[in-house]
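Work through the exercises below with the sequence and the model open. Try each task before reading its solution.

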Amino acid sequence: MEEVNLTLTLTGAALVGCGVYLLLERSLTRVLVGLVVLSNGISLLYLVAGGKAGNAPIVGKAEGRLSDALPQALVLTAIVITLGTTAFVVAMAYRSWQLNGHDDVQDDVEDASIRRRADLDESSQGYDLDSADTSERPAEEGTRP
């Protein structure tokens with residue numbers, strides 16, 4: 001059984017934890033930093049999970065333990081996805097800064113209204129409890145009662 005490098009594993013776990021914490025903030029700048037830190041932590045954990053480095057997997061030329069290319073391919077894919085997502089978050093933060101002068105994400109007015117109604121146990125205006133009873137409605141033509 002292979003030995004796992006505990007230092008790299010703990011470093012990757014710490015990066016993932018810090019990244020998730022920063023993703024939960026309201027500032028898009030902190031979300032951006034959290035996304036980058038999280039991506040680096042996940043990439044590090046992929047490489048740790050891939051095991052020790054081996055020889056290049058060239059047929060007929062390699063002797064001994066071969067290197068697994070799958071973790072490296074997953075890390076490269078994660079880097080590309082992180083680049084695209086980072087560009088999107090940068091564009092959102094820049095647009096928010098242009099419109100509002102800050103990059104904090106505000107609460108949605110409708111979400112606050114729904115939360116208030118749920119706390120008061122009210123139904124919304126679009127849903128009438130009396131009209132929800134279908135037993136008194138007349139049957140439409142072509143349908144069975």
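The model is predicted: local features need pLDDT of at least 70, side-chain atom pairs count only at pLDDT 80 or more, and totals for chains, interfaces and linings use all residues. Residues are numbered from 1 along each chain as its sequence is written, and side-chain values use heavy atoms, with hydrogens and water left out.

**Exercise 1. The chain**

Task: State how many helices and strands the protein chain has.

Solution: Helices (H or I, at least four residues) and strands (E, at least two) are DSSP runs, numbered from the N terminus. The protein chain has 4 helices and 0 strands. Read from the N terminus, the order is α-α-α-α. Next, take burial, where buried means under 20% relative accessible area, exposed over 50% and partly exposed in between (1.4 Å probe, protein chains only). Of the 145 residues in the protein chain, 18% are buried.

**Exercise 2. Helix α2**

Task: Compare the reach of α2 with the span expected at 1.5 Å a residue.

Solution: Helix α2 covers residues 28–49, which is 22 residues. After α2 comes G51, with a positive phi near 90°.

Task: Which residues of α2 are buried, and what covers them?

Solution: The buried residues of α2 are L28, V31, L32, G34, L35, V37, L38, S39, G41, S43 and V48. Their cover includes α1 (6–23) and α3 (70–100), with contact meaning heavy atoms within 4.5 Å.

**Exercise 3. α1 against α2**

Task: Describe how the axes of α1 and α2 are arranged.

Solution: Axes are lines fitted to C-alpha atoms, for helices over the stretch in contact, and angles run from 0 to 180 degrees between N-to-C directions. The axes of α1 and α2 come within 7 Å and cross at roughly 155°. Therefore α1 is roughly antiparallel to α2, a label for angles over 145 degrees. By class, their contact has 17 nonpolar, 7 polar and 1 charged residues. Here Ala, Val, Leu, Ile, Met, Phe, Trp, Tyr, Cys and Pro count as nonpolar, Asp, Glu, Lys and Arg as charged, and the others, Gly among them, as polar.

**Exercise 4. N40**

Task: Is N40 buried, exposed or partly exposed?

Solution: N40 is found in helix α2. Its relative accessible area is 45%, so N40 is partly exposed.

Methods: Expected span 1.5 Å × (residues − 1). Parallel < 35°, antiparallel > 145°, perpendicular 65-115°, else oblique.
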